[in-house]
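Let us walk through this fold in questions and answers. The structure comes up next.

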Amino acid sequence: MNATTQTELHHLSNTHLDALEEETIFILREVAAAFERPTLLFSGGKDSLVMLKCAEKAFGAGRIPYPLLMIDTGHNFKEVTDFRDSRAKELGAELIVRSVEDSMKKGTVRLAHPGESRNVHQSVTLLEAIEEFRFDALIGGARRDEEKARAKERIFSHRDSFGQWQPKAQRPELWTLFNHKLQQGEHFRVFPISNWTELDVWQYIAREKIALPSIYYTHKREVVDRRGLLVPVTELTPPKDGEKVEIRDVRFRTVGDITCTCPVESDAATPEQIVIETLAADVSERGATRMDDKTSEASMEKRKKDGYF
């Protein structure tokens with residue numbers, strides 16, 4: 001780390017992380033107390049790993065009282081799925097994985113063409129998992145700063161019997177009092193780190209020394225520049241005619257389905273260096289890296305109404 005980075009970090013306070021952590025732990029315990037069949041959505045990404053760290057502090061290592069759930073498109077980065085499996089095993093936590101490919105075999109998911117992104121179809125597989133296990137609360141790592149549709153979310157986000165999010169039907173949350181009441185077939189999506197920002201997450205990762213999949217840090221990767229995004233060159237995302245393949249130093253700010261997740265140019269190799277990069281960023285991580293959020297201004301809101309995370 002160079003002298004400039006050390007100086008900037010020296011002047012950057014992280015005392016507010018204690019209050020954020022305390023709120024998250026309170027919400028995780030509230031879910032355990034209020035619901036019969038909760039689960040924690042765990043992708044192996046940075047936000048879910050931060051939640052898992054808070055869950056360890058809330059309940060103790062090896063004593064997290066709900067299973068971990070992953071909805072796998074089959075097109076996830078191997079570095080992330082391998083890390084997901086090893087972390088769950090390390091914690092002794094129950095890991096449930098349900099795949100979009102299984103929904104495709106059942107006929108509940110049908111792709112318009114073989115190359116279509118499976119990301120949006122996770123909603124179907126998720127709703128099938130909710131029905132299979134009768135989950136009444138799903139704990140997710142969404143944050144309000146990620147995207148404007150998510151900024152409308154309550155911490156306890158009510159979903160109707162169709163698994164849909166109705167913005168006008170959300171319940172008030174005053175003085176951290178939550179209305180947990182459910183009708184048959186309904187459930188909640190719960191977002192304990194709603195009030196965190198990307199910067200908070202990275203400061204917390206640095207403070208707690210949380211291990212992450214390697215692709216969150218700088219590495220060399222073949223990419224093409226497509227509409228201002230660096231698209232990784234893979235079997236699923238090959239270059240188009242006329243596109244120039246380059247090898248660049250990149251890292252991922254967020255991870256998801258390979259077909260819609262892009263890296264950003266970066267030489268940051270540590271959480272502390274990423275904190276400094278994040279201070280200078282003027283575009284949210286989803287805005288800078290997610291192709292599926294650029295289809296329309298309301299793309300995320302539409303997916304959420306259909307049952308998305």
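**Helix packing**

This is a predicted model, where local features need pLDDT of at least 70, side-chain atom pairs count only at pLDDT 80 or more, and totals for chains, interfaces and linings use all residues. Residues are numbered from 1 along each chain as its sequence is written, and side-chain values use heavy atoms, leaving out hydrogens and water.

Q: At what angle do helix α3 and helix α4 pack, and how are they described relative to each other?
A: Helix α3 (residues 46-59) and helix α4 (residues 78-91) have axes 13 Å apart and pack at an angle of about 0°. Helices here are DSSP runs of H or I, at least four residues, and strands are runs of E, at least two, numbered from the N terminus. Axes are lines fitted to C-alpha atoms, for helices over the stretch in contact, with angles from 0 to 180 degrees between N-to-C directions. Angles under 35 degrees count as roughly parallel, so α3 and α4 are roughly parallel.

Q: Which residues of α4 meet α3?
A: Contact means heavy atoms within 4.5 Å. From α3 come Leu 49, Leu 52 and Glu 56. Their partners in α4 are Phe 83, Arg 87 and Leu 91.

**The sheet**

Q: What is the strand order of the open sheet?
A: Strands pair if DSSP finds at least two bridges between them. The open sheet has six strands with mixed pairing, in the order β3-β2-β1-β4-β6-β5.

Q: Which residue in β4 is the bridge partner of Thr 39?
A: Strands β1 (residues 38-41) and β4 (residues 137-139) run parallel, joined by three bridges. The partner of Thr 39 in β4 is Leu 138.

How values were computed:
Parallel < 35°, antiparallel > 145°, perpendicular 65-115°, else oblique.
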